[in-house]
Amino acid sequence: PEDVGIIALEIYFPSQYVDQSELENFDGVSSGKYTIGLGQDKMGFCSDREDINTLCLTTVQKLMERNKISYNEIGRLEVGTETIIDKSKSVKSVLMQLFEDSDTNIEGIDTTNACYGGTAALFNAANWVESSSWDGRYALVVAADIAVYATGNARCTGGAGAVAMLVGPNAPLVLDRGVRGTHMQHVYDFYKPEMASEYPTVDGKLSIQCYLNALDKCYDVYSRKAIASGIKESPNILDNAAAFLFHSPYCKLVQKSFARLLVNDFIRDSNPDFQGIYSGLEQFKDIKLENTYFDKQVESNFVKASQKMFELKTKPSLLVSNQVGNMYTPSLYGGLASLIASTTPNELKGKRVILFSYGSGLAATMFSVKVSENVTPDSALLRLFDSLNDLKYRLESRTKVDPSIFDGIMKLREQTHHLAPYRPVGSIQDLFPGTWYLTEVDSMHRRKYDRV
Ligand code: ACO
């Protein structure tokens, strides 16, 4: 099959959020720390009515309805998540209740490694379509998580949401073949060893260093492969893509990451243009990548030098991250949804988008998609753009919740998320139409759901 990639995309985020400047106040930190320091404006969160299964049910059903696809047309379904509520039973098996009246001959299962599971699921799906096992049907990929942290400095970097993607041939977003750059390593930067807790154990500073180091490594491999495969035309990779998308723990780290790519290009360049893009950066000629993760001088100078390009190539993809927070596995794909909702098909047609996926622990890949040229009224590219044109409206139609109420809901989740039997108490009225919610957990931990 030709042009395998992403055909349709659906995004879901909770209908409630907490305002980050109000949270600064509530947490007693200096005003501007979360909003300016981390670049976050709002954070979405779930009550006890939602769990990983409801997020995935809601998003898959929405994707199918919006794109008028029959469940019989799906031959593979993959879930990427790190929100584990059962050590054996997969989320994929729960999603099979949507397929009860359809063909149940569907491969694929759950994949887990921090925020990377969605990317692993996407690669599995694309590989299947390109393989001898393919039976001509679509693959469906779901990335979903509820990202919650214990009280303290990491709590403001939470979020929640889901992205579902339809994968198949003749896609409007074609995955470039043979250019993925991956780095994997054993490290304890962020992990979830406590089986009874939703919260991770996290070494914030180490996680940032690991993220930036993985970015360097993946960019190196991606760049070399891009040159070898001929998809790279200009000596600076930064010029080769219309957009750069990143896994976004918080927006400020993404801006620093974009600047980091310029640091990489600069170090590689045997004859840097000090009159142009590198003007004023002569003093950094001899820097070494591994010594610069927390070098404020290098960071601020390269952030400044790359500011215009960042605003052009990356900022439009940070809408959902800024408004919902870190959704973990869907974060990068929320970036793709944001880019589509902030651009027109004509602006992106024929262009390349480079994506960087990072999951602590760690697993990371840089890969790219080529946007199709076809923008005729019935084209798949136009349908994809049309399907996301309500994204900004949906973000604006959410309900703001006071930080003290948010804090109470976090406490309730802490105390009840693993209880059986349990009857959730959260409001159903507040949920967006079409949202699945938890009605009951019985004494054998069997969960029952309904849809608004
Ligand atoms: N106005 C403006 N900026 C401010 C203010 C203020 N009043 N106060 C602080 N800042 C700035 C700081 O200078 C800093 O910016 P800088 O890094 O550019 O210097 C920024 O705000 C953050 O402040 P810190 O003191 O560094 O924040 P802290 O250490 O308390 O927590 C952290 C930040 C580590 C990201 C924490 O929230 C965390 O652990 N989050 C979870 C881990 C995470 O997201 N890791 C990223 C990769 S792994 C993953 O995806 C899960």
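## Around the ligand

An oxygen atom of the ligand sits 2.7 Å from an N or O atom in the side chain of lysine 33. That is a polar contact, here meaning a pair of N or O atoms within 3.5 Å; inside the protein, one atom must be able to donate a hydrogen and the other to accept it, and residues adjacent in sequence count only if both atoms are side-chain atoms. The model is a predicted one, in which local features need pLDDT of at least 70 and side-chain atom pairs count only at pLDDT 80 or more, while totals for chains, interfaces and linings use all residues. Residues are numbered from 1 along each chain as its sequence is written, and side-chain values use heavy atoms, with hydrogens and water left out.

A nitrogen atom of the ligand lies 2.9 Å from a polar backbone atom of serine 31, and an oxygen atom of the ligand is 2.8 Å from a polar backbone atom of asparagine 153. Of the 1,000 Å² of accessible area that the ligand has on its own, the protein covers 73% (areas by the Shrake-Rupley method with a 1.4 Å probe; for residues, only the protein chains shown count as cover).

Which residues are the closest to the ligand? They are Ser30, Lys33, Asn153, Ser207 and Lys256, in a shell of 22 residues (each with a heavy atom within 4 Å of the ligand). By class, the shell has eight nonpolar, eleven polar and three charged residues; Ala, Val, Leu, Ile, Met, Phe, Trp, Tyr, Cys and Pro count as nonpolar, Asp, Glu, Lys and Arg as charged, and the others, Gly among them, as polar. Helix H2 (33–37) and helix H6 (204–229) each supply at least two shell residues, and H2 gives the most, with three. Helices (H or I, at least four residues) and strands (E, at least two) are DSSP runs numbered from the N terminus.

## Charged pairs

There are 24 salt bridges, each a side-chain nitrogen of Lys or Arg within 4 Å of a carboxyl oxygen of Asp or Glu. Here are some of them:

| Pair | Closest N and O atoms |
|---|---|
| Arginine 76 and glutamate 107 | 2.8 Å |
| Arginine 413 and glutamate 198 | 3.0 Å |
| Aspartate 390 and arginine 394 | 3.5 Å |

Arginine 76, in strand E4 (residues 74–80), and glutamate 107, in the loop between helix H4 (91–95) and strand E5 (110–111), are 31 residues apart. Arginine 76 is buried at 13% relative accessible area, whereas glutamate 107 is partly exposed at 40%. Buried means under 20%, exposed over 50%, and partly exposed in between (1.4 Å probe, protein chains only).

Arginine 413 belongs to helix H14 (residues 403–416) and glutamate 198 to the loop between strand E10 (190–191) and strand E11 (201–202), so their bridge ties together parts 215 residues apart in sequence. Both arginine 413 and glutamate 198 are buried.

In the remaining pair of the table, aspartate 390 is partly exposed at 21% and arginine 394 is buried at 13%. Through shared partners, salt bridges join Glu10, Arg66, Asp390 and Arg394 into one network.
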